[in-house]
Amino acid sequence: MKTWTGIFLILSFLFCGSLFAQTDLTGTWQGKLAIDQKTTIAIQFILTRQADGSYKAVVNSPESGAIKNVPASAVKLAGGKLTIDVASLSGSYAGTVGKSTITGEWKQPGSTLPLVLTPYKKPESSSFKPLLGEWTGKLSVPGITSLAIIFRFEMAKDGTIAAFMDVPDQNARGIAASDVKLDSDQVSLRIPAAGIEYTGQLSGNNIKGTFKQSGAAFELNLAKGKYQVPGIDMPAEDMNKLLGQWAGRMKTSPDPNADMATIIFRFEKTKDGKLAAFSDSPEQGSHRRALTDVSLNGDQLSIKLPGTNNAYTGTLSGNSIAGTFAISGMKLDLTVTKGAKFPPPVTQIDLPADVMKKLLGRWNGTMSVLSVIFRFETSAAGKNAIFIDIPEQSVKAMPVLKASLVDGSL
């Protein structure tokens, strides 16, 4: 009987071994890392089997632009144990392969986190059809009257759902969301890098929901439809005093040596007879930022920047407005004149020709939820220029005023 038992055990091991040998892990495996009690992040391993039976892998996180197609430095599958080393992230994964699951741990210096992987299945694109389009709502935040919030749901070319958040009052656009779900009538999405979660109940062209950020929760109800910058009600006589473009120069801080920035206010009349107001600052790459809180009482002009506690107050006298900009606790003098124009800022790009040649073009990076683009250009006249774009903050062509190379550092 002992002999038969021994043979049975041997056959069992051999049988299990053949299972592991035949296991093909090719495909995308996804799991959730619990960073803390409130924060999780999706991790994907995309495994590809080579001709010799070994594996290659890349690591993605749909919620972090910084982890995209990161190649694994080593992948090993032996005896039902999978290990993936990712040297560039100073991390590694070790797990046991089971039936449709891989149970293991992700290790990085100072932390070991459980991570269970399952085959990733792309949601059926048709299930997201009720969400497609633009949804707008007003978020009431203590200390700030309200913020317009826009969620845009689009179908990507590969059939997956893509979602973006706009906050026009804060000049923020195209902030990528992830973990978009529509289960029955329950909608949810996340922007982990900003600590944002949104959940709601879909009913026709409305979503009744809750916006959470950094532990705080606010009611946010959305309606389907394109966002329109609200016009400002103002008597025609006052409106006519403001219509047009006003520009001035302002120091960026109280420091006597601070750089100067051009500030432009543009007042326009809408088709329905209301006032539309915008601000520009070429040196800061800010263009057509909507101003939704403007009032003129007698000769006293007040402009409050939406989504902030910043404001401009000034006294109107003919074609000039003399006033003060209150920004982040600072008070900065600003006089704007109707029709005034200012030359572009003087730049000083002191880079050797061979270095500039290597830098020419676009350089893309990420900073939290923001995409940061540096553009190195040389004009036909041979003048070097550097610009910064931050699409999510509507920053476009912000000029770099000074650049140099010192001991190999830019």
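Q: Which residues have the most contacts inside the largest nonpolar core?
A: In this predicted model, the largest nonpolar core has 27 residues. Strands that each supply at least two residues of this core include E10 (133-141), E11 (144-155) and E12 (161-167). The residues with the most contacts inside the core are Phe151, Phe153 and Met165.

Q: Which strand gives the most to this core?
A: Among the strands that each supply at least two core residues are E13 (172-183), E14 (186-191), E15 (196-203), E16 (206-213) and E17 (216-224). With 5 residues, the strand that gives the most is E13.

Q: Which residues are in contact with Phe151, leaving aside its neighbours within four places in sequence?
A: Phe151 is one of the residues with the most contacts inside the largest nonpolar core. Contact here means heavy atoms within 4.5 Å. On that basis, the partners of Phe151 are Gly133, Glu134, Trp135, Phe164, Met165, Leu189, Tyr198, Phe211, Leu220 and Leu222.

Q: Does Ser61 count as buried or exposed?
A: Ser61 lies in the loop between strand E3 (55-60) and strand E4 (70-71). A residue is classed as buried under 20% relative accessible area. Because Ser61 has 5% relative accessibility, it counts as buried.

Q: Which backbone oxygen does the side chain of Ser61 reach?
A: Not counting residues up to four places away in sequence, Ser61 touches Ile41, Ala42, Ile43 and Ile67. At 2.8 Å, the side chain of Ser61 reaches the backbone oxygen of Ala42.

Q: How many residues apart are Phe45 and Trp106?
A: The structure holds 7 aromatic pairs. Phe45 and Trp106 form a tilted one, with 6.2 Å centre to centre and 45° between the planes. The pair links distant parts of the chain, with Phe45 in strand E2 (residues 40-49) and Trp106 in strand E8 (residues 102-108). Their separation is 61 residues.

Q: Why is the pair of Tyr312 and Phe325 tilted?
A: The pair joins strand E24 (residues 311-317), which holds Tyr312, to strand E25 (residues 320-327), which holds Phe325. Planes under 30 degrees apart count as stacked and over 60 as edge-to-face, with the rest tilted. The ring centres of Tyr312 and Phe325 are 5.5 Å apart and the planes lie at 55°, so the pair is tilted.

Q: Which residues form one aromatic cluster?
A: Tyr312 and Phe325 are both buried. The cluster that contains them consists of Phe265, Phe267, Tyr312 and Phe325.

Q: Over the ring of which residue does the charged end of Arg288 sit?
A: The charged end of Arg288 lies 3.8 Å from the centre of a ring. That ring belongs to Phe278.

Note on methods: Residues are numbered from 1 along each chain as its sequence is written. This is a predicted model: local features need pLDDT of at least 70, side-chain atom pairs count only at pLDDT 80 or more; totals for chains, interfaces and linings use all residues. Side-chain values use heavy atoms; hydrogens and water are left out. A nonpolar core is a set of buried Ala, Val, Leu, Ile, Met, Phe, Trp, Tyr and Cys residues joined through side-chain atoms within 4.5 Å. Buried means under 20% relative accessible area, exposed over 50%, partly exposed in between (1.4 Å probe, protein chains only). Helices (H or I, at least four residues) and strands (E, at least two) are DSSP runs, numbered from the N terminus. A polar contact is a pair of N or O atoms within 3.5 Å; within protein, one must be able to donate a hydrogen and the other to accept it, and residues adjacent in sequence count only if both atoms are side-chain atoms. Rings of Phe, Tyr and Trp (its six-membered ring) pair if their centres lie within 6.5 Å; planes under 30 degrees apart count as stacked, over 60 as edge-to-face and the rest as tilted. A charge sits over a ring if NZ of Lys or CZ of Arg is within 6 Å of the ring centre and within 35 degrees of the ring normal.
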